[in-house]
Amino acid sequence: MSPTLRSVGASVTARAPAKINLYLEVGERQPDGYHPLTTVFQAVSLLDDVTVTEAGATSVEAHGEGVGDVPTDDGNLAVRAAHALARHVGRQAFVQIDLLKGIPVAGGMGGGSADAAAALLACDALWRTNVERDELLELASTLGADVPFCLTGGTALGTGRGDVLTPVLARGTYHWILALADGGLSTPEVYAEFDRGPRPEPRRGQVVADGPGGVLTALRSYDPVALGASLRNDLQPPALRLKPELQQVLRAAQDLDCLGAVVSGSGPTVAMLCRDGEHALSAAAELSGMGVCRTVRRAHGPVPGAKLVTD
Ligand code: C5P
């Protein structure tokens with residue numbers, strides 16, 4: 001059922017992008033259970049639309065592919081965002097939330113975080129609370145490590161839990177294909193598997209002390225070949241141990257002549273960097289026929305962060 005058919009009150013829609021981690025270095029687990037990260041995020045053109053409508057109680061409904069796995073209780077990140085903003089401004093969070101999912105669910109692309117970011121913006125507009133940007137970012141970081149980035153979008157370096165952001169100078173547009181897997185991976189489980197496994201080693205030919213330097217240099221000078229060679233994700237080995245079939249997907253990226261491939265965040269989506277839009281188009285068609293993943297999407301980045309949708 002379309003959100004507008006069920007709605008009687010005023011409504012506002014906000015849209016937020018998915019993210020890919022071009023670089024993700026994970027440190028030792030801290031006493032609070034979190035891991036210090038050094039990450040480079042890029043926002044890409046897979047989008048979730050979040051519509052909030054005045055209602056007599058708080059509720060959430062998800063629409064689109066794979067929504068069976070989206071929680072519809074208070075654990076839903078968009079619901080938590082509405083509650084957090086309502087508490088912040090001292091009002092009740094009575095809204096009906098409709099999520100139109102374009103971002104793979106439990107795919108490692110920040111879909112839940114995007115919903116939280118969009119819900120913050122949409123509720124702020126619906127309630128006319130005009131919360132300052134800095135305060136919204138602060139609220140965002142209480143909701144999840146990736147939520148601040150989904151608000152800001154573009155390309156950014158993330159430190160702390162990934163929530164302390166510094167904008168990164170990035171030129172040009174990058175073209176990706178995304179291999180979506182059957183079933184998701186749970187982020188806490190991937191981090192727990194990281195804790196059990198051997199400490200990450202630098203890839204052959206890569207200098208550990210360089211950190212995200214290779215990625216940042218490639219972005220600054222728009223060098224897709226260098227970016228492809230510098231992609232790194234410390235959560236990839238644990239994600240592969242939990243879902244060994246992802247090896248085949250990474251191998252497929254080589255057969256497709258991609259510039260590089262990496263598990264996105266905690267997975268299981270694999271992001272493959274293409275030479276240009278045309279290469280992405282042909283590689284996506286070929287990958288769809290290879291039978292190594294559930295479905296294939298194309299996306300480009302960087303794109304802006306969460307914003308209101310005006311008709
Ligand atoms: O912050 P978010 O809710 O997205 O994190 C989900 C889970 O991922 C956390 O509960 C934690 O287990 C793990 N995590 C982590 N270190 C980070 C970010 C997330 O261990 N920096």
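Predicted model: local features only at pLDDT ≥ 70, side-chain atom pairs only at ≥ 80, totals over all residues.
His-300 sits in strand E11, which covers residues 295-301. With a relative accessible area of 35%, the residue counts as partly exposed.

- Ala-271 is 29 residues away from His-300 along the chain, and the C-alpha atoms of the two are separated by 11 Å.
- The peptide bond from Gly-301 to Pro-302 is cis, its omega being near 5°.
- Pro-302 belongs to the loop that joins E11 to strand E12 (307-309).

**Helices H2 and H4**
- Helix H2 (residues 77-89) packs with helix H4 (residues 133-143) at an angle of about 135°, and their axes are 10 Å apart.
- That angle makes H2 oblique to H4, since only angles over 145 degrees count as roughly antiparallel.
- The crossing of H2 past H4 is right-handed.
- On the H2 side, the contact is made by Leu-77, Arg-80, Ala-81, Ala-84, Leu-85 and His-88; on the H4 side, by Glu-135, Leu-136, Leu-139, Thr-142 and Leu-143.

**Helix H7 and what it packs on**
- Which residues of helix H7 (residues 213-220) are buried? They are Gly-213, Val-215, Leu-216, Ala-218 and Leu-219.
- Those buried residues pack against strands E1 (11-26), E2 (37-54), E5 (155-159) and E7 (174-180), as well as helix H8 (224-230).
- Tyr-222 has a positive phi of about 45° although it isn't a glycine.
- At 32% relative accessibility, Tyr-222 counts as partly exposed.

- Glu-193 is part of helix H6 (residues 187-196).
- Its relative accessibility is 12%, so Glu-193 counts as buried.
- Leaving out residues up to four places away in sequence, Glu-193 touches Pro-238, Arg-241 and Leu-242.

**Cysteines without disulfides**
- The disulfide count is zero, where a pair would need its sulfur atoms within 2.5 Å.
- Cys-150 is buried, with a relative accessible area of 1%.
- Cys-274 is in no disulfide either; the nearest cysteine sulfur, that of Cys-258, is 4.2 Å away.
- Cys-274 is buried as well, with a relative accessible area of 1%.

- As a rule, most residues other than glycine have a negative phi, and most peptide bonds are trans.
- One exception is the cis peptide bond from Gly-267 to Pro-268, with omega near 10°.
- Pro-268 lies in the loop between strand E9 (260-263) and strand E10 (270-274).
- Arg-128 has a positive phi, near 50°, without being a glycine.
- Where is Arg-128? Its place is in the loop between helix H3 (111-126) and H4.
- Arg-128 is exposed, with a relative accessible area of 70%.

Terms used
Residues numbered from 1 in each chain as written. Heavy atoms only, no water. Helix = DSSP H or I, 4+ residues; strand = E, 2+ residues; numbered from the N terminus. Buried < 20%, exposed > 50% of the residue type's maximum accessible area, 1.4 Å probe, protein only. Contact = heavy atoms within 4.5 Å. Axes fitted to C-alpha atoms, helices over the stretch in contact; angles between N-to-C directions. Parallel < 35°, antiparallel > 145°, perpendicular 65-115°, else oblique. Left-handed = near helix turned anticlockwise from the far one by under 90°.
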